[in-house]
Amino acid sequence: MVRTASAAGSRTGKVVHGTGRRIRRATAAEGAGESGLAKLIELHALNAFGDMLITVALASTIFFSVPTGEARGRVALYLLVTMAPFALLAPVIGPLLDRLPHGRRAAMAMSMLARAVLAWTMAGVVTGGGLALYPEALGVLVASKAYGVVRSVVVPRLLPSRLSLVKANSRVTLAGLLATMVAAGVGGLLHLIGPGWPLRGAFLVFVAGTLMAFHLPHTVDSAKGEQRAVLHAEEHPPGHHGVLHGRGAPAPEPAAGQRPKASLRTVGPSVILALRAMAAMRWLVGFLVMFLAFLLREEPVGGLQPTLALALVALAAGTGNAIGSALGSWLRPRSPEMTVTAMLLLAGSATAAAALWYGTVTVVTVAATAGTAASLGKLSLDALIQRDVPESVRTSAFARSETLLQMSWVAGGAVGILLPLNGALGLSVAAAVLGAVLLWTLRSLLRVGVRHRRAAPRVA
C-alpha cells in the first residue's frame, strides 16, 4: 500500500510538473518570456483567481443564502455602498496613476496587498453579512479596478517585437479567464468547509501576487519619453505634439491663458468611436450580470432549476469571453473601427431577439454574444489606441479609457438592479440603449471613414 501510494504520488507530481512546464512554455512563446510579458500573464492569472474567490464568498452570503426579495435588497445595498462611491473614485484612478509613471510595480503590489488584508478581515464578518462587510467590499472593488487600469497601461511596456498589442492583451485575458474558471470550482469546494474559507484562500493568493508583482521587469517602471495624455481637451497644452485632432490634423496650440475646450477628442476620432461603442457593450455586460441573476432565480426559463439556469448563463458568458479572446489572438482585423461596430451590432441584435422571443435559447445566446462582443471589442479598441495614439502618451490613454469602461459597467449594473423583474421589458430597455449607441456609432463611422491598411504605431 505504501509503495502504491508513493507511486501514485510520484505520477501526480509528474503530471502537475509537466502541466506547469506546458503552461510556462505557452505564456513565454513568441518572445513573451524574454520581454517579461509572461510574468505579467501569470500575475494576471493570480489576480483573476483571487478576485473569483472573493466573488464566490460574497455571492454565497449576499445572494444565495437568503430569499430572492431579501437578496435583491442586499445587492441593492451593495451597489449603493460600493458602486456609488466607486463611480466617484473611478475618474481619479487614471490621473492618480498617471502621476506615478515610475511606480507601476509598486501600484500593482499595493493593490494585491490591500485585497489580501481586506480578504482576511472579511473572512471574520462574512457569515453575518452585516453592514461591516460592505466598506471592505468597496475597498476590494477599488483595489481590483486600480489593478486593471495599471495592467492595461503596463502591457505596452512589455510588448515583445513579435507580438501585436491585440495578441498580447488576448493572451493576458485568456489567462485570466482560465484562472477564473478554476477558481470558481476551488471556491465552491472551500465554501463547503465554511463561508470564510474562500476569503482565506484569496488572502494567500493575493500575498503571492504581491510578491510576484515586484518580480516584474524593471521596464514596467520606466517612463522614458512618455507624456500625459489629455483626453478631455480639444486642443493640446504646449509640448504635446503628434496627437490626432479631428480627421488627423495636429491640434493647434492654445493661446496664452486660454483654457482648452472640454471634450474627448485629442486621441483621434476613431478611438472615440470605439470607446463609445465599448462603453455601451460594457454597460450591457453589467446590466446582464445584475438583471439576469435575479430574473433567473425568480423565474427560471424553460422550467429549469434556478441554479441550473444561472449556471448555463454563466457558462455561456464565460465561453463567449473565451471565444472573443481567441478570435482576437487569431484574427488580424484590417479595420478595428468596423470590428467594434460589428460587435455592437451583434450584441444589440442578440439582445433585441431575446426581448422579442424570451426563452432559454435566446437568453443563453445573448449572454454568450455579449461576452464575445465585449471581449473582441475591447481588443479592437486596444488596436486603435496602438494605431492612432502616439507612443509617448499611449499608456496614459489606456488608463483613462479603462476607467471609463469600468464606470460603464457600474452604470449598467445599477439599471439592472432597479428595473422590474420582467425579461421582455428589461431586455427591451437594454436593446434600446444599444440601438441608440449603434446609430451614433454608425454616424461617426461614416464621418471618420475606415482605414483599410494597418498603420505603423505612431511615435510622437
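User: Which way do H9 and H12 cross, left-handed or right-handed?

Analyst: In this predicted model, H9 passes H12 in a left-handed crossing. H9 covers residues 269-298, and helix H12 covers residues 360-388.

User: What are the angle and the distance between the axes?

Analyst: The two helices pack at an angle of about 150 degrees, and their axes are 9 Å apart. An angle over 145 counts as roughly antiparallel, so H9 is described as roughly antiparallel to H12.

User: And which residues make the contact?

Analyst: On the H9 side the contact residues include Ser-270, Ala-274, Met-278, Arg-282, Val-285 and Leu-292, while H12 contributes, among others, Val-363, Ala-370, Gly-377, Leu-381, Ile-385 and Asp-388.

User: Switching to rings, how many aromatic pairs are there?

Analyst: The structure holds 3 aromatic pairs. One of them joins Trp-120 and Phe-203, whose ring centres are 4.9 Å apart with 55 degrees between the planes, an arrangement classed as tilted.

User: Where do those two sit in the sequence?

Analyst: Trp-120 belongs to helix H5 (residues 104-123) and Phe-203 to helix H8 (residues 197-213), so this pair ties together parts that are 83 residues apart in sequence.

User: What about the Trp-283 and Phe-287 rings, how are they arranged?

Analyst: Their centres lie 5.5 Å apart and their planes are at 5 degrees, so the pair is stacked. Both residues lie in H9, where being 4 residues apart separates them by about one helical turn. Trp-283 is buried at 11% relative accessibility, and Phe-287 is buried with a relative accessible area of 0%.

User: Which residues do ring pairs link into a cluster?

Analyst: Trp-283, Phe-287 and Phe-291 are linked into a cluster by ring pairs.

Terms used: Residues are numbered from 1 along each chain as its sequence is written. This is a predicted model: local features need pLDDT of at least 70, side-chain atom pairs count only at pLDDT 80 or more; totals for chains, interfaces and linings use all residues. Side-chain values use heavy atoms; hydrogens and water are left out. Rings of Phe, Tyr and Trp (its six-membered ring) pair if their centres lie within 6.5 Å; planes under 30 degrees apart count as stacked, over 60 as edge-to-face and the rest as tilted. Buried means under 20% relative accessible area, exposed over 50%, partly exposed in between (1.4 Å probe, protein chains only). Axes are lines fitted to C-alpha atoms, for helices over the stretch in contact, and angles run from 0 to 180 degrees between N-to-C directions. Angles under 35 degrees count as roughly parallel, over 145 as roughly antiparallel, 65 to 115 as roughly perpendicular and the rest as oblique. A crossing is left-handed if the near helix is turned anticlockwise from the far one by less than a right angle, and right-handed if clockwise. Contact means heavy atoms within 4.5 Å.
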